[in-house]
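Biologist: Please show me the model, and then we can go through some of its local features.

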Amino acid sequence: MKILIAGESWSSTSTHVKGYDQFVSSMYHTGATQLINALELVASVTYIPNHEAAEKFPLTMEDLNHFQVVVLSDIGANTLLLHPATWERGERRPNRLRLLRDYVLAGGGLVMVGGYLSFQGFEAKAAYSGTPLEEVLPVMIFPYDDRLEAPEGLEVEVNLPDHPILRDIPNNWPYLLGLNRVTVKKGTETVASANFFPLLVAGQYGMGRSVAWTSDIGPHWCPNMFCAWDGYETLWQNIVAWVSNPGFHN
């Protein structure tokens, strides 16, 4: 199996003030390591960080079809819509949200992972509400900031214990610290919730499948203890197996 993961990277700039003097420092970060490590045990993984995705994310169905599963994690809609040729030179390029919709309808697997730039996101800047991609997600996206911050912790509740995504998953789910609030579409399966909010939702569209995981894959919403949980790797391996293979049943 070949999997494409896009997003989960950022850079930060800090100003340090020490009395009369100050200086600026910059750092690059990636939050994809735990997920990549889990999936590389069962698949070939291609990772495109945010700063490369606008240019390098596939522009054609032929290139997208090299992958059985596409995972979007903390990558805003604008990064996929605005190729440098469009943003800098005013040239036409394919709408990659429509491309991903058509990819799923034709049999591809899609996973959207929650975060500040997923679903609608922080200050609604992820901006997936009302897009073609929403048509093939198992959830409806609110048109405003959809984050739920829960520093007290969210407890995971299993709704469909016999679902194949939960195969071999232990019952001792760790807590989570936040998620993107969504509405579940009719005809989909809410596999797990967190304090009654949809957490893991699965659906089928055309010949393909999609999954919404509304929390993150790493801190802060997904704490280190969740990433170290003995069910973490199996959960993500099961998710990509389910979305990539309509024959993956009980």
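Modeller: A definition before the questions: nonpolar patches here are made of residues with over 30% relative accessible area and no salt bridge, their side chains joined within 5 Å. Note also that this is a predicted model.

Biologist: Which residues form a nonpolar patch on the surface, and how much accessible area do they have together?

Modeller: The patch consists of Leu81, Leu82 and Trp87. One of these, Leu81, belongs to helix H4, residues 77–81. Together the three residues of the patch have an accessible area of about 300 Å².

Biologist: Is Ala54 buried or exposed?

Modeller: Ala54 sits in helix H2, which covers residues 50–56. The cut-off for buried is under 20% relative accessible area. Ala54 has 18% relative accessibility, so it counts as buried.

Biologist: How far apart in space are Ala54 and Leu82, C-alpha to C-alpha?

Modeller: Beyond its neighbours within four places in sequence, Ala54 has contacts that include Leu82, His83 and Arg96. Ala54 and Leu82 are 28 residues apart in sequence. Their C-alpha to C-alpha distance is 6.3 Å.

Biologist: How many residues of helix H6 are buried?

Modeller: Helix H6 spans residues 96–105 and is mostly covered. Among its buried residues are Arg96, Leu100 and Tyr103. Of the 10 residues in H6, the number buried is seven.

Biologist: Which residue caps the N-terminal end of H6?

Modeller: The cap is made by a side-chain oxygen that lies 3.0 Å from the backbone nitrogen of Leu97. The residue supplying that oxygen is Asn95.

Conventions. Residues numbered from 1 in each chain as written. Predicted model: local features only at pLDDT ≥ 70, side-chain atom pairs only at ≥ 80, totals over all residues. Heavy atoms only, no water. Helix = DSSP H or I, 4+ residues; strand = E, 2+ residues; numbered from the N terminus. Buried < 20%, exposed > 50% of the residue type's maximum accessible area, 1.4 Å probe, protein only. Contact = heavy atoms within 4.5 Å. Polar contact = N/O pair within 3.5 Å; in protein donor to acceptor, adjacent residues only side chain to side chain. Patch = residues over 30% accessible without salt bridge, like charges linked within 9 Å, V, L, I, M, F, W, Y side chains within 5 Å. Areas by Shrake-Rupley, 256 points an atom, 1.4 Å probe, with all protein chains shown as cover. Salt bridge = Lys/Arg side-chain N within 4 Å of Asp/Glu carboxyl O.
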